[in-house]
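Welcome! Please load the sequence and the coordinates side by side, and keep your viewer ready for some residue picking.

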Amino acid sequence: MPSVKRLLLIAAALAVCIRTAPTAMVTLGPPCRDDGLMAWGAFSTGEAAPVNYRSDCSGNILLPTISNAPSGEANELVAFSPGSGVFLQDGVNWNSGSPIPVTFPAPLLLDLRVWVFYTTSDCDYACMQVRMSNFLVWANDRLAIERTGIQLRAVSADWVVDKTSAPASFPSTIGKLVDFSEEDDSDCNIVKSSFPPDLKTPNILNVYMVRTVGRSASRGYTCVDSVGIDTLGSAFVASRAMDGTMLHEIGHNLGLQHPISDLMDARNFMWTPSKVRRFWSEGQTFRINFSDVSAVTKLFGAHMTERRTCDDHKATKGATPCPDEATWVWPD
Amino acid sequence: MARIVILIALLAVAILAAVLFLVPKQPSPEALAALDNWMSTDCAVGGDQAQRMELRRYAAELESMLIQIAEQGPPASDVIRVENEARRQYSDIQTSVRSNHYTGLPNIHMQMVIMQKQEERVTTVRNDYIAGQRSAALTGLGVIGTRRGRRLLERIAADPKSPFRDLARLAGEGKAN
């Protein structure tokens with residue numbers, strides 16, 4: 001008899017739990033394209049925020065253990081979808097009982113110009129235009145598939161600029177930067193303070209094809225500003241660097257650093273050294289879009305009302321949080 | 001008879017010593033890892049001092065491999081891997097420019113991509129990969145600063161016909177770093 005009583009007690013406790021377990025539903029507008037989201041709130045599982053969820057292709061994502069966080073804490077939803085912009089909603093009421101609708105915005109278009117300071121003996125300027133065009137198509141495919149919310153756009157028809165025969169007005173700048181050195185700050189100081197305006201288009205991403213970076217023809221470099229992250233929109237890429245290297249350097253422009261988490265590996269776009277870069281984590285994608293040191297906010301002025309300061313690699317807590325950079329909705 | 005046996009034994013020892021001396025020793029896994037790290041490091045943000053130190057630590061083991069890559073390029077299997085990847089990438093890019101995918105390209109550049117033949121693309125990627133790896137090996141030789149390595153850098157830097165002349169000169173200047 002005592003055991004029956006115990007069973008009844010357990011059943012009653014379970015019933016109470018089931019009835020009061022916080023749940024919320026997020027409805028995704030378009031049919032499933034392998035969407036996913038991160039949510040901040042109060043979790044009965046005690047999991048650290050944010051928690052990741054993936055669509056089951058029904059157009060809905062059930063968040064089974066979430067309720068409103070205490071006052072001052074974040075109740076926030078960020079959603080990712082291939083080829084779309086990143087959706088972010090602050091002040092979500094997880095307790096409302098109503099589905100929370102997500103409408104994915106269009107991806108952000110970031111203008112890009114490539115300045116060719118050097119061409120190789122087997123790839124002249126015409127060849128370089130084709131090479132850069134291939135890069136742009138490939139990069140945009142990766143950015144779309146990886147749900148980064150951004151796409152790169154040639155700033156104009158003359159987006160690949162031939163500066164191999166340096167005009168008289170700034171031969172010394174090109175002559176110095178064509179073998180870009182990171183060993184002291186002198187080359188970066190040129191970029192920061194005395195770059196001829198004819199060699200840089202303001203408020204876009206500028207990529208410079210040079211002969212060498214750090215004495216090697218296969219490397220890239222991005223100057224950092226006083227906060228330690230590039231917000232200058234200038235990436236230097238050596239003449240023999242591969243496409244992955246160029247996209248990696250643009251990643252620095254977008255506020256990302258080399259990852260330090262054990263959860264990441266050489267397949268991550270920001271990892272170095274690497275031969276096989278494939279993905280960004282959603283923690284990185286979040287920073288690309290909403291970090292106040294990303295070119296997205298700093299140069300292009302997008303997401304200005306949603307931008308926030310993120311720690312270099314770790315999560316920040318509070319009402320406008322950032323996820324840890326290794327937060328990853330699609331770890332497979 | 002005993003003298004002949006001793007002579008044969010001495011000869012055998014001499015041959016064995018010569019073989020051991022002439023056949024290069026296989027670098028240790030740690031040395032190979034240091035080399036692989038160096039060759040696949042493509043971003044200088046944050047500095048590469050740790051990799052430079054590792055390269056110098058295994059300088060004696062890695063000198064021959066760096067010289068071989070600098071002179072002859074990376075292993076054929078690596079080149080084949082890169083070529084195969086370039087073919088896959090070409091196919092993906094051609095699919096994208098012929099479909100509704102957003103490319104970000106002006107029309108004139110879109111046409112350039114469409115007109116490109118697969119082997120042109122593969123050749124460009126292969127040339128870049130091989131030259132990039134040779135350049136990284138030259139820079140590596142500058143870092144380890146061994147006598148043979150420096151001699152090679154000086155020889156290439158003095159060769160007006162070598163496309164790696166300037167890269168060898170720059171690598172040679174990097175010894176102190």
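What follows is a short tour of this structure, from the chains down to single residues.

## Chain A in outline

Please keep in mind throughout that this is a predicted model. Chain A has 332 residues, and 58% of them are buried. Its secondary structure consists of seven helices and 17 strands. If you count contacts in chain A with a separation of 6 or more, 65% come from residues 24 or more positions apart. The chain exposes about 13,200 Å², with 56% of that supplied by carbon and sulfur atoms.

## Where the two chains meet

On the chain A side, 49 residues are in contact with 48 residues of chain B. Together the two chains bury about 4,100 Å², and carbon and sulfur atoms give 53% of this area. Eight salt bridges are found across the interface of chain A and chain B.

One salt bridge to pick in your viewer joins the side chains of B:Asp128 and A:Arg240, at 3.0 Å from N to O. B:Asp128 and A:Arg240 are both buried.

What does A:Trp159 touch beyond its neighbours within four places in sequence? Its contacts in chain A are A:Leu112, A:Arg113, A:Val114, A:Met132, A:Ser133, A:Leu136 and A:Ala154, and from chain B come B:Leu105, B:Pro106 and B:His109.

B:Leu7 is part of helix α1 (residues 2–22) of chain B. Is B:Leu7 buried or exposed? It counts as exposed because its relative accessibility is 56%, and the cut-off for that class is over 50%.

## Salt bridges within the chains

Over all chains, the count is 29 salt bridges. In one of them, A:Arg308 pairs with A:Glu76, with the closest N and O atoms 3.1 Å apart. Here two distant parts of the chain are linked, 232 residues apart: A:Arg308 is in the segment after α7 (295–298) of chain A, and A:Glu76 is in strand β7 (residues 76–80) of chain A. A:Arg308 counts as buried because its relative accessibility is 5%, and A:Glu76 is buried too, at 0%.

Chain B has a salt bridge between the side chains of B:Arg155 and B:Glu71, at 2.8 Å from N to O. These residues are 84 apart, with B:Arg155 in helix α8 (residues 147–157) of chain B and B:Glu71 in helix α4 (residues 59–72) of chain B. B:Glu71 is partly exposed, at a relative accessible area of 35%.

A network of salt bridges links A:Asp179, A:Glu183, A:Arg211, A:Arg215, B:Asp166, B:Arg169 and B:Glu173.

## Backbone details worth a look

One member of that network, A:Arg215, has a positive phi of about 70 degrees although it is not a glycine. A:Arg215 lies in the loop between β15 (212–213) and β16 (220–222) of chain A, and is buried with a relative accessible area of 15%. A:His303, also not a glycine, has a positive phi of about 55 degrees. A:His303 is found in the segment after α7 of chain A and counts as buried at 17% relative accessibility.

For your peptide-bond check, the bond from A:Thr272 to A:Pro273 is cis, with omega near 0 degrees. A:Pro273 is in the loop between α5 and α6 (282–290) of chain A.

How values were computed
Residues are numbered from 1 along each chain as its sequence is written. Chains are lettered from A and ligands numbered from 1 in the order in which they are written. This is a predicted model: local features need pLDDT of at least 70, side-chain atom pairs count only at pLDDT 80 or more; totals for chains, interfaces and linings use all residues. Side-chain values use heavy atoms; hydrogens and water are left out. Contact means heavy atoms within 4.5 Å. Helices (H or I, at least four residues) and strands (E, at least two) are DSSP runs, numbered from the N terminus. Buried means under 20% relative accessible area, exposed over 50%, partly exposed in between (1.4 Å probe, protein chains only). Accessible areas come from the Shrake-Rupley method with a 1.4 Å probe; for residues, only the protein chains shown count as cover. Buried area is the accessible area (1.4 Å probe) that two parts lose on being put together, summed over both. A salt bridge is a side-chain nitrogen of Lys or Arg within 4 Å of a carboxyl oxygen of Asp or Glu.
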